Amino acid sequence: MPAIRSLAVAFGIVMMLAATAVPARAEITDRAVTRAFLTLLAGGASDTARAAELIERHWEPSFLPMALEVIRLSRSAEASGALVRIMERQAGAGLGRDLDAWQRAMWNAPEARHPRYAAFKSALYSLIDPRFSAYFDTAGEALIRLDEIVWGGVRQDGIPPLRNPAMLAGEDAGYLEDDHIVFGLSVNGDARAYPKRILGWHEMFVDTVGGVPVAGVYCTLCGTVILYRTEHEGVNHRLGTSGFLYRSNKLMYDQTTQSLWSTMRGTPVVGPLVGKGIVLERGSVVTTTWGEWRRRHPGTRVLSLDTGHRRDYAEGSAYRDYFATDELMFQVPVLDTRLANKDEVFTVLLAGHPEAPLAISAAFLARTPVHHDAIEGTALVVLTDPSGANRAYASEDVTFTRYDGDRHVEDGSGTVWTMDEHALTAEDGRVLHRVPAQRAFWFGWYAAFPSTRLVW
């Protein structure tokens, strides 16, 4: 997500705080503390001095998240400098204005949540977008740390999802070259291609594919596209882009309850839907080239350039600078240096074993077109074709020995199996089903699943 700041923030805060000056009394309340932090964003010189004095006098570790969020949004060098000095004196850390270092230190310590932190976060970000207030109003129901939820720089759906987007027949997609990257999927035989060059500007599509309501979520920051069936127990959850991130991974929201959802897990993590047992079913997505996808699926449909939005949809245009380096745009608590941050991995998270994630280096798989693995006793085979596309299947008790790089794979007994987007089918009729899996940047996957087993 692009890191931008709303020009309306300061003016909105001034209006809100006009009648909420910091109380000049010895006895301080939690509410007064949060007002003091907000005052530092837009108060006058005298109010700023009083607010800073109050904050330092009553400082406790739970103030740190509020201080960091105020500094990131503040346009006042005086106010942000005062907070940095308070943080250094109180925490005894010489981190200065290195806010990323402050965040990492905070996130690697036990959470200290101020009683009014959710209300502060709601008030603060509602000044950017009033819809943001609902995200934190019910923050007592949370599966993730609230201080790890950071603003991505846009309003709700500020990166606009493609809802029921226009599609073209493959032969009519003259704007695509064979080597352009697409995310391919097939639901009930309905094959679709979503070019990276378009999806990078929208990060989500919401559609009905093969008669099934789905959402395809592309987190450009962590490099993963995950397909979810959005209907759960008869309720179709209408998802969108919240504008916030958790560990550099976008958080979704649902339009009905404004709960925040984990992109990686497909489940609500903050808000009224938490604890309701909702976990969306994953579908299979393959990252491949347009030429390879169209060859395998001549009847495929593909996104039209007529999205209703004006963007530079040229190949490689979206996030060009971000993809060109190994640097992060938003910090995570811990990095694992076995791979570079943005090295691609092929990842598997089985519904029956959500705490046993697997990541396999894409470079390893390119050298190993047939790779056998297992997760908690569930045997898998990953097949990688010459385009670099990876597909995983439940292999059960079958050992495969050769893959022709196209549609056929041979097992140890000499039986030939035919591969498609849904299954491997043997000559004798046996079927091994596809396992949902997806590519990701290593840093993003590890941040979400630090217990991941890595093959590299």
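1. A salt bridge is here a side-chain nitrogen of Lys or Arg within 4 Å of a carboxyl oxygen of Asp or Glu. By that criterion the side chains of arginine 402 and glutamate 410 are joined, with an N to O distance of 3.4 Å. Arginine 402 is partly exposed at a relative accessible area of 47%, and glutamate 410 is likewise partly exposed, at 24%; in these terms buried means under 20% relative accessible area, exposed over 50%, and partly exposed in between, with a 1.4 Å probe and protein chains only.

2. On provenance, this is a predicted model, in which local features need pLDDT of at least 70 and side-chain atom pairs count only at pLDDT 80 or more, while totals for chains, interfaces and linings use all residues. Residues are numbered from 1 along each chain as its sequence is written, and side-chain values use heavy atoms, with hydrogens and water left out.

3. Along its principal axes the C-alpha trace spans about 85 × 45 × 40 Å. The secondary structure comes to 13 helices and 29 strands, where helices (H or I, at least four residues) and strands (E, at least two) are DSSP runs numbered from the N terminus.

4. Buried residues make up 57% of the 456 residues in the chain. The accessible surface comes to about 18,600 Å², of which 51% belongs to carbon and sulfur atoms; these areas come from the Shrake-Rupley method with a 1.4 Å probe, and for residues only the protein chains shown count as cover. Of the contacts (heavy atoms within 4.5 Å) with a separation of 6 or more, 63% are accounted for by residues 24 or more positions apart.

5. The interior deserves attention next. In soluble globular proteins, nonpolar side chains tend to be buried together. A nonpolar core is a set of buried Ala, Val, Leu, Ile, Met, Phe, Trp, Tyr and Cys residues joined through side-chain atoms within 4.5 Å. The largest such core has 88 residues, and those with the most contacts inside it are Phe37, Tyr125, Ile149 and Phe244. Helix α4 (residues 64-73) gives the most to this core, with seven residues. Apart from this core lies another, of 29 residues, among them Leu162, Phe205, Leu227 and Leu303.

6. Which residues does phenylalanine 37 touch, not counting those up to four places away in sequence? The partners are Ile55, Phe63, Met66, Ala67, Val70, Leu83 and Phe120. Helix α7 (residues 117-126) is mostly covered, since seven of its ten residues are buried.

7. In helix α6 (residues 99-107), the buried residues are Leu99, Ala101, Trp102, Gln103, Met106 and Trp107. They pack against α4, α5 (77-91) and β1 (149-151). Helix α5 also holds arginine 89, which counts as exposed at 51% relative accessibility. Between arginine 89 and glycine 152 there are 63 residues in sequence and 29 Å in space, C-alpha to C-alpha.

8. Returning to charged pairs, the structure holds 27 salt bridges. Arginine 57 is bridged to glutamate 53, with the closest N and O atoms 2.7 Å apart. Because they lie four residues apart in helix α3 (residues 45-57), arginine 57 and glutamate 53 are separated by about one helical turn. Arginine 57 is partly exposed at 44%, and glutamate 53 is partly exposed at 41%.

9. The bridge between aspartate 147 and arginine 145, with closest N and O atoms 2.8 Å apart, joins a residue buried at 5% relative accessibility, aspartate 147, to one buried at 14%, arginine 145. A network of salt bridges links Glu292, Arg295, Arg296, Asp385, Arg391, Asp406, Arg407, Glu421 and Arg434.

10. Finally, on cysteines: with a disulfide taken as a pair of cysteine sulfur atoms within 2.5 Å, the count comes to zero. Cysteine 219 is buried, with a relative accessible area of 2%, and cysteine 222 is buried at 0%.
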